[in-house]
Amino acid sequence: MAPLETPLPRSRGMSVASVFERYGLIVFLLALLLVAAALSPTFLQPANLVNVLTIAAPLGMVVVGQTFVILVRGLDLSVASLMATVAVLATAFKATTNDAIPLIFVAAIAFSAVVGLVNGWLIAKRNVSPFLATLAMMIILQGVRFAYTGGAPISTLPPGMGFLASGRILGIPVNLITLALLAIVFGIVLHRSRLGREIFMVGSNRKAAFLNGVAPDRVIIFCYVICSVCAGIGGLFLLGYVGTVSNWVGQGYELDSIVAAVMGGVALTGGRGNIFAALLGVAVLVVINNLVLLLGFPIEMQLIIKGIIIIGAAAFYRTRLA
Amino acid sequence: MSAVVAEFRRNRLSLSYVIVVALLILLVVAGGFLSDRFLTWRNFGNLFQQLVVLGMVSLGQTFVVLLGGIDLAVGSLVSASTVFIAHFLEWRPDLLWLALPLALIAATAIGALNGLLTIVLRVHPLIVTLGMSSIIFGGTLMYNKEPGGSVPRGLADFSYAKLWGIPVTAIVLVAVFALAGLWLQRSRSGRSIYFVGGDREAARLNGLPVNRIVVMVYALSGLCAGLAAIFLTARTGVGDPRIGTALTLQSITPVVVGGTVLAGGRGGVLGTLLGVLLVTMLNNLLNFLNVSSYYQWVIQGLIIIIAVSIHTTRRRQ
């Protein structure tokens, strides 16, 4: 994979290609919205748009984290399993009043951070491939979760959890506010801070980063912790949306989050990407999913389209870089 | 003593075989103590029958991993093939001779397409096969969401047939592994997989037909998935669009446990066969001990992590 490391030539004006690279996804999204509006009159109705955004919010949170690990040449397959485990953890308090919600949040974030720490440690310090480490973590979390629940879904939740999905502050859905906050905070960390620069350095060349005084292991572990914490928060919001805890809350989010990030131009070879473009990827994915349903296609069609998109998007950005 | 260790260090592969074999012996001894039904001929017969499908898929996965790739489409491909076989045979039970080769050709073609896409689009195999998996799974579900179809008596009998008390399917599996091992070690095309997996650029500069080898290896993985589907359909009697889902990830465990390095170029099929035996035997023993399948997942995850850390740490030294 080394031959692709040559930097893109920087032109002073904006060439057609660079405009396309920078705004291509926005143009694609706008075109998609136009097509959706033209094909289905229900699409532009506020109820449907709010619905689309509500579905997009937890996925967006996961993608914010997934972007961090992909930037350091990683990948986290355990996010979906973690989401479900966090959801089960939320019921473990058997709380019936809203007083427990802060406690649930603290517990969920702490648990997620530990999972991220283990992932990061295995990958950075033990040299386990990200694919296998997070895959094993996914299986382990799944086993622990099922052993606890015995396979049956449970639902003793504080009533206020529903607020995470349907609540509004000043008329704006609270899950979108949370997503925006996460994206802005982590966007600043990634694109404006020293740590962010170190993440890009480690992602594009770990050895060079080390020689420049960066501690790659620490940076990598940090990224996995961020990823797990984002997934944990996303899990709680998704739980608020679905209401009951099943053992499979979030299933498919590992694939979807990678698809969205790749579609948003985050390179799987590391060191290249933008958190906000990754969120545009989420928007495209969710609109396509919604469109499939509105047009009356069977839901399985989403799987096929998703598969084509993931290969196509990866190929598109590969070609742009080459 | 240290000379022996050094010798093993130089030849990594044999050391990982030693570890797996030691674990297997440990497991058999422990199993004998822990359960009086474990060390019976009857149980071993069942065990060999259980490992056939996983063994077949893992064999294909081994080729791909040796090449430095990964095939995440095998599970969906197995499911899709069982659906195809069972529904075709329900429609025309007399066309068994046509149905099975057709399934194998289709599975091989889809595998080859995976390889082709990684070359033409220059996309990482993880993404290509993940995407293909999604496409195949969606397509299969669109055709039929429920298990269905049926197989003629002859095919079902084949899956339970025994020769001197050993399941015929297990004998077939071992024979296939032996052939694959010979091919990898002795033939030019087999050995070229190691070259390409070790250093693709160097292989290209040495005049190897790299692209052709890549396509061939992914096609082989597809063929193995197709064969696994035949075994599976024969035993269950139906085509199930979800039956292979777990196989994708399960097929990777024996490969890495058997010492084949995910980065490519090192390893072999003997390790994978031992890995399959280890994983299946462990699950079998845990079943006897009434350990819930949930904890079996935990154990499987731990095995992956431990196996991979051992191998990768040794490579670092």
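Trainee: How many cavities of 30 Å³ or more does the structure hold?

Mentor: Rolling a probe the size of a water molecule over the atoms shows where empty space is left. A cavity is a set of points, on a 1 Å grid over the protein atoms alone, where a 1.4 Å probe fits but cannot get out, and lining residues have an atom within 4 Å of a point. Grid points are joined across faces, edges and corners, and a volume is the space filled by probe spheres set on the points. Here the structure holds two such cavities. This is a predicted model, in which local features need pLDDT of at least 70 and side-chain atom pairs count only at pLDDT 80 or more, while totals for chains, interfaces and linings use all residues. Residues are numbered from 1 along each chain as its sequence is written, and chains are lettered from A in the order in which they are written.

Trainee: Which residues line the second largest cavity?

Mentor: That cavity, with a volume of about 40 Å³, is lined by B:Val279, B:Leu282, B:Asn283, B:Leu286, B:Gln296, B:Ile299, B:Gln300 and B:Ile303.

Trainee: At what angle do α8(B) and α14(B) pack?

Mentor: Two packed helices are described by the angle between their axes and the distance between the axes. For α8 (residues 168-186) and α14 of chain B, the angle is about 155° and the axes are 9 Å apart, so the two helices are roughly antiparallel (over 145 degrees, on a scale from 0 to 180 degrees between N-to-C directions, with axes fitted to C-alpha atoms over the stretch in contact).

Notes
Heavy atoms only, no water. 1 Å grid on protein atoms, 1.4 Å probe; cavity = no way out; pocket = protein on both sides within 12 Å on 5 of 7 lines; lining within 4 Å. Helix = DSSP H or I, 4+ residues; strand = E, 2+ residues; numbered from the N terminus. Parallel < 35°, antiparallel > 145°, perpendicular 65-115°, else oblique.
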